[in-house]
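Here is a friendly briefing to read alongside the structure.

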Amino acid sequence: MPKQFTVTGMSCAACQARVEKAVSALPGVDSCAVSLLTNSMSVTGTADEKDIVAAVEKAGYGASPRDAQKKTKNTPEDLLTDREKPALVRRLILSLVFLILLMYVSMGHNMLSLPLPHFFHENYTALSLLQMILAAAVMIVNGKFFTNGFKALFSRAPNMDTLVALGSGVSFAFSTAVFFRICGMTAAGDAGIAEVYHRELYYESAAMIPALITVGKLLEAISKGRTTNALKALIRMSPKKARLIEDGVEKEVDVDVLKPGDLFAVRPGDSVPVDGVVEQGESALDESALTGESAPVDKKKGDPVFSATVNRSGYLLCRATRVGEETTFSKIVQMVFDAAATKAPIQRIADKVSGVFVPAVIGVSLLVTVGWLIFGAAFADAIARGITVLVISCPCALGLATPVAVMVGNGLGAKNGVLIKTGEALETLGRVDVVVLDKTGTITKGQPEVTGLYPAKGVDENTLLSLAASLERKSEHPLAGAILREAQKRNVPLKESSSFSILAGSGLRAEIDGKETVGGSLNYISGICSLPEELAKRAADAAESGNTPLFFASDGKVTGMIAVADVVKDTSPAAVASFKKLGLKVVMLTGDNEKTARAIGKQAGVDEVIAGVLPDGKEEVIRALKKEARVAMIGDGVNDAPALTRADVGIAIGAGTDVAVESADVVLVHSDLADAAAAIRLGRGTLTDIHQNLFWAFFYNLICIPLAAGLFGLKMSPMIGAAAMSLSSVTVCLNALRLNLLKIRDGKKDRPKRKPLFSSGKKSGRTDKKSKENEEMKKTLIVEGMMCPHCEASVKKALEALPFITEALPDHKNSTVAVTVGGAYDEGAVKAAIEDKGYQYKGEKA
């Protein structure tokens, strides 16, 4: 886990680069990412915290470890508290008081003849001294620029404060030198020359520069504050109070008091204080804080509830399961906040420039001053142009270009149930070419359902379902669960069964209403009684479309057939269509057999189906695809973790396993595949915003520095340069805020990023050599008793545990297993492995 720190004293991208360079140089530091936006730092490696803090302090800044568990002022809520803006407001008010007085004297009196006390009339020494005092007052009020700037300069790490301090300081020093000349002229009685020198004073520039930069800093702070509004809104949703039940008595306590196992109440209108499970009551909860969906979710006994969701109707009694920083909501907030401390790869360009930017600007300023002096310009004019170059240059815009966009993007994603762990993941989402989808739980619901009831002649659906459910109620097979859920949904009454037995790999047998009742596969039932031709045809059609047909018979007569399948989610076809509209190739990757996989792939509308792939095989396919394109992998299971890690960006379905969620870069809280398309739209929108910000930052400096130097024949005042510098950072922040207008769930404006990377017949990257090896070493085994994909998985696991079998692809519909042999074949071991799982080995297929 990366170590998190709070960093103080940074003012621009050069500061950020300086801190990163200092910490990265420490032994044991693998990587360091500093965020100017949130004043935070993330460090990975074995370096000691004390050494890291010492390195930051040696570089001229402050640092402290962030520990939310100890409730120090380092939690996301504390770190997002705006302490900068109030201080800037106070500084600006004081600056304006003295600046207005200074401008009245320097411009109002001198240029517009506005009145002053008679004492100052043609008293150029007194006028100059007054201007000096007022300018010095403004500089003292904004002393932070000078202390930080010169400290950084003497540490050989100049930053934006250095530019401001040099610009203002040189103006003040030059004006002070002129002031002493005025004093000399006045003492000599030469008032005419004293008046000429008085016009060369730059005290108003010395004061205006820090004052205008403070205005810019204030506007920047306001804009930066708005970029974190989404995260602040999330934090405000966090409940502060809970209704604890002790000894049957309800009392209101702070949410921090709750412990796992405590009983708490949630009344209508209350927020759920911690994660838990419903012990009593029924209600509907608004889970929009977690999922972005406003439709209430019904809750009853045994259902989970999550912190920060809102109870809309009934009274609930719940048992706490996760509290404090372990709640789902707290983890979401921390994940979004930590993402701001990471960097998008595109930011490295700005970082490299920022590292040399300020020294380069100081050098250019000196060259401009010397150059104009060589070409015969007056000393005052040459100094003015050098100062303007210093104050117009803006490293802040470069430093903020990427992080403000990433922060807004992360906040927008969090509001819509898309949690992005790093800035790199957000950028990669915008560059993806291929989307690879796991089948079970991602495209499909991940739970078998009854898809069709086909009773025999003279039998109705309820009779068939009642008989089947009564038989299956003692079975633990996943397909039995599907039939029982359907019976419960239809309120079909069940009958008692006796003499229940499981015929391994074939079916079930029991006595119901005094009649022998059996259920199982087509092969099993057809050996007991004759099947109507119509039912046999329906079974073939069901198998062709990816369903598992189950037959039932009572007293030697067929009762009917029930088709069961892991069905495609309602939203999956539309999500796949969205991916295609975005110009992405969609691949379905599954360990299921080819026939079932192709049926599901056809329903979902994917471009390519790769079936019969083991978890490590999935990782190999992703590796191969990455050679040709940027790949996003979407999955939900433990077997998807290697592929999620290998992909350019891994996207986990939020309802999936903890391993999948931990392995992924992006988590879809709502477990809806359509949200993956929304995530890609968000990535593209953020990437576009970053490009615009970087273009503006580079373009601004590329144009304004030559303008300030006077290369285009224009004479720019240092005050105008300071104003331009202030506005450049604000522009970047405001442009990033436009991302909040992006409707990431709206696909009306979807366009391909570029032409499809693959032609329709192109291979997925698996080599011809491997295919040939598979053909040469392949055997087809006959295995009876498999009835569904779960049976296939059991056989597959048993066979692939044998050292000489590298791959096994069972097909329960044809009662076959295609195996790839990678060593000396042992048929006895194969037979034992199959029969040990309760299936019948019938030899090799000719």
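A residue counts as buried when its relative accessible area is under 20%. Y700 comes to 4% relative accessibility, so Y700 is buried. Please keep in mind that this is a predicted model.

**Aromatic pairs**
- The count of aromatic pairs comes to seven.
- One of them joins F179 and F180: the ring centres are 5.5 Å apart and the planes meet at 55°, so this pair is tilted.
- F179 is buried at 7% relative accessibility, whereas F180 is exposed at 55%.
- W696 and Y700 also make a tilted pair, with 5.9 Å from centre to centre and 45° between the planes.
- Both W696 and Y700 belong to helix α27 (residues 674–709), and because they are four residues apart there, about one helical turn separates them.
- W696 is partly exposed, with a relative accessibility of 29%.

**Charges over rings**
- R385 places its charged end over the ring of W372, 4.1 Å from the ring centre.
- K779 lies over the face of Y825, and the distance to the ring centre is 4.8 Å.
- K779 also has a bridge partner in β29, namely V819.

**An open sheet and its helices**
- Four antiparallel strands make up an open sheet, in the order β28-β29-β27-β30.
- The edges are taken by β28 (805–811) and β30 (840–844); each has a single partner strand, so one side of each has no neighbour in the sheet.
- On average, neighbouring strands of this sheet are turned by 25° against each other, direction ignored.
- Five bridges link β27 (residues 778–784) with β29 (residues 816–821) in the antiparallel sense.
- Helix α30 (residues 789–800) packs on the sheet and touches β27, β28 and β29; the direction of α30 makes about 160° with that of β28.
- Helix α31 (residues 827–836) packs on the sheet too, touching β27, β28 and β30, and its direction is at about 150° to that of β30.

**A look at α30**
- The 12 residues of α30 reach 16 Å from first C-alpha to last, close to the 16 Å expected at 1.5 Å a residue.

**G149 in its helix**
- G149 sits in helix α6 (residues 143–154) and is buried, at a relative accessible area of 0%.
- Leaving aside residues up to four places away in sequence, G149 touches K144, N159, D161 and T162.
- L166 is 17 residues from G149 along the chain, and their C-alpha atoms are 8.0 Å apart.

Key. Residues numbered from 1 in each chain as written. Predicted model: local features only at pLDDT ≥ 70, side-chain atom pairs only at ≥ 80, totals over all residues. Heavy atoms only, no water. Helix = DSSP H or I, 4+ residues; strand = E, 2+ residues; numbered from the N terminus. Buried < 20%, exposed > 50% of the residue type's maximum accessible area, 1.4 Å probe, protein only. Contact = heavy atoms within 4.5 Å. Pairing = 2+ DSSP bridges. Axes fitted to C-alpha atoms, helices over the stretch in contact; angles between N-to-C directions. Expected span 1.5 Å × (residues − 1). Phe/Tyr/Trp six-rings, centres within 6.5 Å; stacked < 30°, edge-to-face > 60°. Lys NZ or Arg CZ within 6 Å of the ring centre and 35° of its normal.
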